[in-house]
Amino acid sequence: MQPTQYVGIQDIKTLGTLLDKVAEHKGCGTSSEGGKASCGSSVGPADMAPEVWEKVKNHPCYSEEAHHHYARMHVAVAPACNIQCNYCNRKYDCANESRPGVVSEKLTPEQAAKKVFAVASTIPQMTVLGIAGPGDPLANPAKTFKTFELISQTAPDIKLCLSTNGLALPDHIDTIAAFNVDHVTITINMVDPEIGQHIYPWIYYQNKRWTGIEAARILHERQMLGLEMLTARGILCKVNSVMIPGINDQHLVEVNRAVKSRGAFLHNIMPLISAPEHGTVFGLNGQRGPSAQELKALQDACEGEMNMMRHCRQCRADAVGLLGEDRSAEFTTEKIEAMEVAYDGATRKAYQELVEQERQAKSAAKAAEQQELAQMADQSGLTLLVAVATKGQGRVNEHFGHVSEFQIYEVSSAGSKFVGHRRVDQYCQGGYGEEDALETVIRAINDCHAVLVAKIGGCPKDDLQKVGIEPVDRYAHEFIEQSVIAYFMDYLERVRSGQIEHRPRGDADIRQGAYTSVQSTSAAA
Ligand code: CLF
Ligand code: SF4
């Protein structure tokens, strides 16, 4: 594996330095030390039409690859909702809580527009403005579309996105199209009203409150109609589904088929978030959410049908930043009112061109590693999960102790792919390792063979090795997927040479460890 040049991109503060680097850049094919990067390299999926790739390439939710580089923000202009879901309670707010419906401040369209311009000036890789609540955007159409109007007038480069329960969607398709909204998410949890009645106690439709199976039937019909109308207009439609064990978990395979047949672009199955302190019906009933492993199994089962989103972070309705980070506290109304905000589209464009260079280098590095893997002609059928410590940019660039979320990659002779993320308690607390936190980390990644980190201390390293998770810091600051493939090749070599013995990982393996060093086992014996 060739080392790649490290170009850290965080936000506008580093733009001057980065523009200097562009000046140094000697043209195509010279952007990585290994000379592997090429400005002509493709970064889009080969099977995607170019016009579709244009729409998704810098949308962090619609492109997994883009989410390492581009940020989104939400503005909370839509407080009301026209239905009730048993997993929602919008009264609950906690600044540390990240889940849909949660918001610290509600905004007017004018306040929202100023916030968008302030964030765009500070975070030039923020490319998407979404309205996702805290209620339903289309139950608040005047506020939602006024916000879109103000933003599109000043910042036409920012993509507009909205997320709805779908009940009012068919009534607003023309307006959505008129504002060039290319991305609409519908939350569809059922296609069978028998199941729907256990998720939705009521809806409010045509000036009337509907309950029970009739409410679920109307909602279902409106969702399907809205989806069909959107896809007929060429608007990309993502479907979000909340996985509720015992209620719709088996049924979501059927939902997947139904939305695929109506032209949905992407399906995002998310775990139910449920706790009594949230005050939701499911939380108070003790309805559990699925485990990470249950979620992955369902996503895998649906993957043959259509593209699955696995990098969703179940954002707050006022989230700001890369998926997985939340910078909303930097942009409170009080702080924004004190800011001088000027929208500078040219500087944003220059910055995003740098991001594209980084993406091309990453894509070329992965392709080169993939080629080396193909040359190994591996027939073992091995598949490993690898946890990665990253703070963005598609690099292994976070210290083990600072991780609050690991990204999980699956790797086999076919290559690597992102399959999810696992939230954990930070191991390093004020300079000290926290043993309780280490336990949560081990539990969260216990099906992984290795954890790739920028750095790790001696104690956690030993503890991870004891449970069979291999801590690896030799890929520090390298691109993630290139590193995951390189690790896999190294693992294969060690298995082939008899240095280690492969063991599949699973809950049962945790005490013994997934890989066993043959040498150390014999030494111990
Ligand atoms: Fe926001 Fe949703 Fe648009 Fe993305 S979020 S409105 S599509 S810009 Fe993204 Fe957040 Fe998951 Fe939503 S990670 S909850 S899928
Ligand atoms: Fe809450 Fe959204 Fe359901 Fe409305 S549609 S009840 S805001 S989760």
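Author: A crossing is called left-handed if the near helix is turned anticlockwise from the far one by less than a right angle, and right-handed if it is turned clockwise. The model is a predicted one, in which local features need pLDDT of at least 70 and side-chain atom pairs count only at pLDDT 80 or more, while totals for chains, interfaces and linings use all residues. Residues are numbered from 1 along each chain as its sequence is written, chains are lettered from A and ligands numbered from 1 in the order in which they are written, and side-chain values use heavy atoms, with hydrogens and water left out.

The pair to look at is helix 3 (residues 109-122) and helix 4 (residues 141-154), which pack at an angle of about 40° with their axes 9 Å apart; helices here are DSSP runs of H or I with at least four residues, strands are runs of E with at least two, and both are numbered from the N terminus. The axes are lines fitted to C-alpha atoms, for helices over the stretch in contact, and the angles run from 0 to 180 degrees between N-to-C directions. Helix 3 is therefore oblique to helix 4, given that angles under 35 degrees count as roughly parallel, over 145 as roughly antiparallel, 65 to 115 as roughly perpendicular and the rest as oblique. Their crossing is right-handed.

On the side of helix 3, the contact uses P109, E110, A112, A113, V116 and F117, and these meet K143, K146, T147, L150, I151 and T154 of helix 4, where contact means heavy atoms within 4.5 Å. By class, the residues of this contact divide into seven nonpolar, two polar and three charged; Ala, Val, Leu, Ile, Met, Phe, Trp, Tyr, Cys and Pro count as nonpolar, Asp, Glu, Lys and Arg as charged, and the others, Gly among them, as polar.

K143, which is found in helix 4, deserves a separate word. K143 counts as partly exposed because its relative accessibility is 37%, with buried meaning under 20% relative accessible area, exposed over 50% and partly exposed in between (1.4 Å probe, protein chains only). Apart from residues up to four places away in sequence, K143 touches V77, P79 and P109, and its C-alpha atom is separated by 9.7 Å from that of P79, 64 residues apart along the chain.

The crossing of helix 13 with helix 14 is right-handed. Here E435, L438 and I442 of helix 13 make the contact with P460, D463 and L464 of helix 14, a set of four nonpolar, no polar and two charged residues. Within helix 13 (residues 435-444), A437, L438, T440, V441, I442 and A444 are buried, and what covers the buried residues of helix 13 includes strand 13 (405-412), strand 14 (415-423) and helix 14 (458-466).

As for the chain as a whole, its secondary structure comes to 16 helices and 20 strands, and buried residues make up 55% of its 525 residues. Of the contacts with a separation of 6 or more, 72% are accounted for by residues 24 or more positions apart.
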